[in-house]
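Please read the following walk through one protein model with the sequence and the 3D view open side by side.

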Amino acid sequence: MTSKTSGSTPPDNQTPPQLAMPKVKKVTAGDITVSLKAGFSDFRARPFMSSFFGLFYAVFGILFIWSLFWLGKIWMIIPAVVGFPLVAPFAAAGLYEMSRRMQTGESFSWSDILTVMGHQSKREMGWMAFVTLFIFWLWMYQIRLWLAIILQDASFSDFDGFLNAVFFTEEGWTFLAVGTCAGAILSAVLFSVTVIAMPMLLDREIDFVSAMLTSIRVVTENPVVMLTWAAIISVTMLLSLVPAFLGLIFTLPILGHTTWHLYQRAVSPAEG
């Protein structure tokens, strides 16, 4: 009996070829310096458009905190302010695209950048947004948990009462210590999975899991340099919140552009 299967038909158990994982490179403190200079140069090249993303992020933060006052969620204000920078990588997506186009010499307009951002929501970037917001939710939830456990007898009827309970009682100091440690862990996790993954997803065709794994590899293979970059981002972002979030108008664009250039130095270009 002859087989009806054509010789050119692949076996049933044949799997499609797997794409190679991006190659991770060693980065140094000098790469951060060069990337910062390039990021600042990108900001100066298109200051108005770059500042728009910072302004949008700042206004969103102001409205978010105002809504907590309006809803009477006094206890959420401080953790919301401290945790707000966690969602910055997603807010900087348009800045990555601007830097990419400036690097390749492509001209672009507002519609070009906004269209790309809208298109990204239908691709793997949407999953990264989910990851970012999920970790932000975990941040807020763990704060509520520690409040219930450690400050269960405190009164938060007004903002002054909340500040007094947190900063001027032994229970408050315990809450700050535990919350800071838990928050540092969540921040480290989010930084590790997004710092390279976000610009990579915009730059090349890759699934979000592979992008996150590549980002983690960059951090684990360059721990000192990448933790230094994380510290620079954290301090800069927190200081930018002090003047009513308005410092973000300038710092978010520069950090976003810089992250793009650091990604370019940390990961080899896509083959083909």
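Two residues are in contact when heavy atoms of theirs lie within 4.5 Å. By that criterion, and leaving aside neighbours within four places in sequence, Ser268 is in contact with Lys23, Lys25 and Arg204. The model is a predicted one. Ser268 belongs to the segment after helix 13 (248-266). Its relative accessibility is 19%, and the limit for calling a residue buried is under 20%, so Ser268 counts as buried.

The confidence of the prediction should be kept in view from the start. The mean pLDDT of the protein is 84, and 88% of its residues reach 70 or more. Among the elements, helix 1 has the highest mean pLDDT, at 96, whereas helix 6 (residues 110-120) has the lowest, at 76. Over residues 1-10 the pLDDT stays under 50, and for this stretch the model has zero contacts beyond four places in sequence.

As for the overall fold, the protein has 13 helices and zero strands. Of its 272 residues, 44% are buried. Among contacts between residues at least 6 apart in sequence, 78% join residues at least 24 apart.

Two further residues can be looked up in the helices. Ser35 is found in helix 1 (residues 29-45). Is Ser35 buried or exposed? Ser35 has a relative accessible area of 1% and is therefore buried. Not counting residues up to four places away in sequence, Ser35 touches Thr258, His261, Leu262 and Arg265.

Thr236, in helix 12 (residues 223-241), has a relative accessible area of 24%. Buried means under 20% and exposed means over 50%, so Thr236 is partly exposed. With neighbours within four places in sequence left aside, the contacts of Thr236 are Thr251 and Leu255. The C-alpha atom of Thr236 is separated by 8.9 Å from that of Leu252, a residue 16 places apart from Thr236 along the chain.

Next comes the packing of helices. Helix 7 (residues 125-150) packs with helix 9 (residues 170-194) at an angle of about 170 degrees, and their axes are 10 Å apart. Angles over 145 degrees count as roughly antiparallel, so helix 7 and helix 9 are roughly antiparallel to each other. Their crossing is right-handed. The residues of this contact divide into 16 nonpolar, six polar and one charged. On the helix 7 side they include Met128, Val131, Ile135, Trp139, Trp146 and Ile150. On the helix 9 side they include Glu171, Phe175, Gly179, Gly183, Leu186 and Val193.

Helix 9 also packs with helix 11 (residues 208-221), here at an angle of about 110 degrees and with the axes 6 Å apart. Angles from 65 to 115 degrees count as roughly perpendicular, which is why helix 9 and helix 11 are described as roughly perpendicular to each other. Phe191, Ser192, Val193 and Thr194 in helix 9 meet Met212, Ser215, Ile216 and Val219 in helix 11. By class, this contact has five nonpolar, three polar and no charged residues.

Methods. Residues are numbered from 1 along each chain as its sequence is written. This is a predicted model: local features need pLDDT of at least 70, side-chain atom pairs count only at pLDDT 80 or more; totals for chains, interfaces and linings use all residues. Side-chain values use heavy atoms; hydrogens and water are left out. Axes are lines fitted to C-alpha atoms, for helices over the stretch in contact, and angles run from 0 to 180 degrees between N-to-C directions. Helices (H or I, at least four residues) and strands (E, at least two) are DSSP runs, numbered from the N terminus. Angles under 35 degrees count as roughly parallel, over 145 as roughly antiparallel, 65 to 115 as roughly perpendicular and the rest as oblique. A crossing is left-handed if the near helix is turned anticlockwise from the far one by less than a right angle, and right-handed if clockwise. Ala, Val, Leu, Ile, Met, Phe, Trp, Tyr, Cys and Pro count as nonpolar, Asp, Glu, Lys and Arg as charged, and the others, Gly among them, as polar. Buried means under 20% relative accessible area, exposed over 50%, partly exposed in between (1.4 Å probe, protein chains only). pLDDT is the predictor's confidence in each residue, from 0 to 100.
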